[in-house]
Amino acid sequence: MNRISTLVCAAMIPCLAQAASIPYTDNFNSDTAALDAVPAGWSISNGGTVDIVANGTYGPPPITCRGKTGNCIDLNGSTGKPGDLISPGLSLTGGQTYTAQFSLSGNDRIKQTDTVTIDFGTTVASISVKEKDPFTVDSVTFKPTTTGIYNLSFLDTNKNPSDNIGAILDNVKVVQTVPLPAAAWLLLSGLAGMGLMARRRSAA
């Protein structure tokens, strides 16, 4: 498997929308599988489309969702233009760090490499997947400077969008990343020191 991930920064533009609570999760299993459909609560900004697909459908070989069950998203819909899939608005607090986790895999229905661009607040990541790449949990982090409503989005930028076959997205989750308190670091350091002293005594 050969994955390429890069991070860059974009201009901070909080998106005004109805806020979703954190943690936010969506495995798309509550949606109805359909071509050129938009998952509940999500939107598409560029006039393209995605497909909500059920595990084991289409092919050959059939599409496999995470865990080989439920639904997942083919990020290149059936119109020949991949959709820029945008999450519900996420209410984030300035100064706090958030992590978006998601599973991406290649699409076995065609031999190609798909590059998926992930935008999370001001963080932009590009992840490349090949047709035989299994699902892997990837993540991007974002620390807003101001409290506001932000979005997470996914766009398949493969070189042959007219083939209507894209990378597969499943199990999206956004959580607040809580750093370990300074007191905990001091405690861990003290325990490590005590362990080192005990080893030295036993060696003597």
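This report covers the nonpolar cores, aromatic pairs, disulfide and backbone features of a predicted model.

Residues are numbered from 1 along each chain as its sequence is written, and side-chain values use heavy atoms, with hydrogens and water left out. Because the model is predicted, local features need pLDDT of at least 70 and side-chain atom pairs count only at pLDDT 80 or more, while totals for chains, interfaces and linings use all residues.

## Nonpolar cores

In soluble globular proteins, nonpolar side chains tend to be buried together. Here a nonpolar core is a set of buried Ala, Val, Leu, Ile, Met, Phe, Trp, Tyr and Cys residues joined through side-chain atoms within 4.5 Å. Buried means under 20% relative accessible area, exposed over 50%, and partly exposed in between, with a 1.4 Å probe and protein chains only.

The largest core has 31 residues. Those with the most contacts inside it are Leu75, Phe102, Ile118, Phe120, Leu152, Phe154 and Leu169. At least two residues each come from β8 (89-92), β9 (97-105), β10 (113-120), β11 (123-130), β12 (136-142), β14 (152-156) and β15 (168-177). Strand β9 gives the largest share, 4 residues. Strands are DSSP runs (E, at least two residues), and helices are runs of H or I of at least four; both are numbered from the N terminus.

What does phenylalanine 154 touch, not counting residues up to four places away in sequence? Its partners are Trp42, Leu75, Gly83, Asp84, Leu85, Phe102, Val116, Thr117, Ile118, Leu169 and Val172. Contact means heavy atoms within 4.5 Å.

## Aromatic pairs

A pair of aromatic rings is described by the distance of the centres and the angle of the planes. Rings of Phe, Tyr and Trp (its six-membered ring) pair if their centres lie within 6.5 Å; planes under 30 degrees apart count as stacked, over 60 as edge-to-face and the rest as tilted. The whole structure holds 5 aromatic pairs. Two of them are described here.

Phenylalanine 28 and tryptophan 42 have ring centres 5.7 Å apart and planes at 50°, so this pair is tilted. Both residues sit in the loop between β3 and β4 (43-44), 14 residues apart. Both phenylalanine 28 and tryptophan 42 are buried.

Phenylalanine 102 and phenylalanine 154 form an edge-to-face pair, 5.2 Å centre to centre with 80° between the planes. Phenylalanine 102 lies in strand β9 and phenylalanine 154 in strand β14, so the pair ties together parts that are 52 residues apart in sequence. Both phenylalanine 102 and phenylalanine 154 are buried.

Ring pairs join Phe28, Trp42, Phe102 and Phe154 into a cluster. Phenylalanine 154 also has Trp42 among its contacts.

## The disulfide

The structure holds 1 disulfide. A disulfide is a pair of cysteine sulfur atoms within 2.5 Å. Cysteine 65 and cysteine 72 form it, with their sulfur atoms 2.1 Å apart. The link is left-handed, with -65° about the S-S bond.

Are the two cysteines buried or exposed? Cysteine 65 counts as buried because its relative accessibility is 1%. Cysteine 72 counts as buried too, at 0%.

## Backbone features

| Residue(s) | Feature | Value |
|---|---|---|
| Isoleucine 22 and proline 23 | cis peptide bond | omega about 5° |
| Proline 60 and proline 61 | cis peptide bond | omega about -15° |
| Aspartate 36 | positive phi | near 50° |
| Asparagine 164 | positive phi | about 65° |

Isoleucine 22 is found in the loop between β2 (19-20) and β3 (24-26). Proline 23 is in the loop between β2 and β3. Isoleucine 22 is partly exposed, with a relative accessible area of 26%. Leaving aside neighbours within four places in sequence, isoleucine 22 is in contact with Leu90, Ser91, Leu92, Tyr98, Val174, Val175 and Gln176. The C-alpha atoms of isoleucine 22 and glutamine 176 are separated by 7.1 Å, yet the residues are 154 apart along the chain.

Proline 61 lies in the loop between β5 (51-54) and β6 (71-74).

Aspartate 36 lies in the loop between β3 and β4. It counts as partly exposed because its relative accessibility is 36%. Asparagine 164 is in the loop between β14 and β15. At 24% relative accessibility, asparagine 164 counts as partly exposed.
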